[in-house]
Amino acid sequence: MMQKWNKKNFYKTMQNKAAEAKSSDEVCTRKEIEQLQSALQKYCKYIGLENFPKYQVVNARFDKTDFIFDTKSEKVLKMDYDLWLFYDEFFRSAFCHSSICGIPLEGSDYITDDGQGGMQGFLAKVLPLFNVCDAQGYKASLISWLAESAVVNPSVFLSPYVSYEEIDDSHLKATVTYQGVSGSGIFTFRENREISEFYSDERQVEKIDGQTLHLGWKCYCDSYEERNGIKMPTNIKSTKLFPDGKELVYFTSDHFTVEYLK
């Protein structure tokens with residue numbers, strides 16, 4: 001059954017889940033990194049992954065992001081996005097808050113125990129706008145978990161849930177698998193070893209004008225800086241790629257904070 005989140009009960013639920021998560025004293029070792037594919041090894045060296053803790057709970061908060069709520073209208077809203085990622089056992093959830101003409105707009109991403117993933121939204125805190133929950137949503141959550149973790153908690157590259165297939169010196173296919181469900185995407189590396197983008201054609205499915213469309217999904221990474229003892233991109237942009245070649249930027253952030261809880 002869907003739970004209607006608000007900011008208070010969402011945060012309390014995530015805090016309780018974090019308290020139940022296992023702590024880890026492990027760090028990313030040189031030996032583990034040297035077992036990765038060449039392009040990923042170079043990236044890990046560039047960002048300083050060696051000796052970085054294997055955090056089990058991460059909370060990333062994106063403030064005042066530019067977000068397009070409705071693909072058809074392409075109306076840009078200012079949104080606060082509260083993202084939680086768990087690693088010992090896969091879990092991802094997020095809460096967003098914005099407004100339309102001064103009326104609160106709230107939504108959340110969630111997964112269920114039976115392998116479903118969903119998104120729900122409410123206007124004025126009580127009026128349901130949408131609730132979509134299905135197996136594709138769970139697959140999308142896995143792919144999002146991988147792409148987001150690559151930014152805020154790169155120890156995920158050593159996760160037992162993630163496997164790799166080297167394409168060439170600049171491209172690496174990554175597949176995340178959990179409880180029989182898999183999702184894949186391709187990392188692209190710049191000549192200076194930075195990850196420039198992550199692309200997946202398995203994540204985004206939308207119903208537009210009554211037609212179900214499988215869209216490409218791309219996350220761009222730029223402006224690397226050292227934060228929390230590691231280099232990470234500080235400018236993030238997510239886009240949808242349509243069958244006709246159109247690319248719509250729907251999420252842009254250059255201001256976010258990351259808290260490692262365990």
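Guide: A salt bridge is a side-chain nitrogen of Lys or Arg within 4 Å of a carboxyl oxygen of Asp or Glu. The model is predicted, so local features need pLDDT of at least 70 and side-chain atom pairs count only at pLDDT 80 or more, while totals for chains, interfaces and linings use all residues. Residues are numbered from 1 along each chain as its sequence is written, and side-chain values use heavy atoms, with hydrogens and water left out.

Visitor: How many salt bridges does a search of the whole structure find?

Guide: Side chains of opposite charge can pair when their charged atoms come close. In this structure the search finds 14 salt bridges. One of them joins Asp66 and Lys78, with the closest N and O atoms 2.6 Å apart. This pair links distant parts of the chain, since Asp66 lies in strand 1 (residues 57-68) and Lys78 in strand 2 (residues 76-86), 12 residues apart. Helices (H or I, at least four residues) and strands (E, at least two) are DSSP runs, numbered from the N terminus.

Visitor: Which side chain meets that of Asp109 in a salt bridge?

Guide: The partner of Asp109 is Arg92, at 3.2 Å from N to O. Distant parts of the chain are again linked: Asp109 is in strand 4 (residues 103-111) and Arg92 in strand 3 (residues 91-100), 17 residues apart. Asp109 is buried because its relative accessible area is 13%. Arg92 counts as buried because its relative accessibility is 3%.

Visitor: What is the N to O distance in the salt bridge of Glu194 and Arg190?

Guide: The side chains of Glu194 and Arg190 meet at 2.9 Å. Glu194 counts as buried because its relative accessibility is 9%, whereas Arg190, at 30%, is partly exposed.

Visitor: Which residues are linked in a network of salt bridges?

Guide: Glu26, Glu32 and Lys54 form such a network.

Visitor: How many cavities of 30 Å³ or more does the structure hold?

Guide: Rolling a probe the size of a water molecule over the atoms shows where empty space is left. Here there are 2 cavities of 30 Å³ or more (a cavity is a set of points on a 1 Å grid over the protein atoms alone where a 1.4 Å probe fits but cannot get out; lining residues have an atom within 4 Å of a point). The largest cavity has about 60 Å³ of space (the space filled by probe spheres set on the points, which are joined across faces, edges and corners). Its lining includes Tyr43, Phe187, Ile195, Cys219 and Pro233. Two or more lining residues each come from helix 4 (135-152), strand 10 (195-208) and strand 11 (211-227).

Visitor: Where is Glu225 found?

Guide: Glu225 is in strand 11. Glu225 counts as partly exposed because its relative accessibility is 43%. Glu225 and Ile47 are 178 residues apart in sequence, yet 9.1 Å apart in space, C-alpha to C-alpha.

Visitor: How far apart in space are Lys8 and Thr65?

Guide: Lys8 and Thr65 are 20 Å apart, C-alpha to C-alpha, and 57 residues apart in sequence. Lys8 belongs to helix 1 (residues 7-20), and Lys8 is exposed because its relative accessible area is 72%.

Visitor: Where is Val126 found?

Guide: Val126 sits in the loop between strand 5 (117-123) and strand 6 (127-134). Val126 counts as exposed because its relative accessibility is 64%.

Note on methods
On a 1 Å grid over the protein atoms alone, a cavity is a set of points where a 1.4 Å probe fits but cannot get out, and a pocket is an open set with protein on both sides within 12 Å along at least five of seven lines; lining residues have an atom within 4 Å of a point. Buried means under 20% relative accessible area, exposed over 50%, partly exposed in between (1.4 Å probe, protein chains only).
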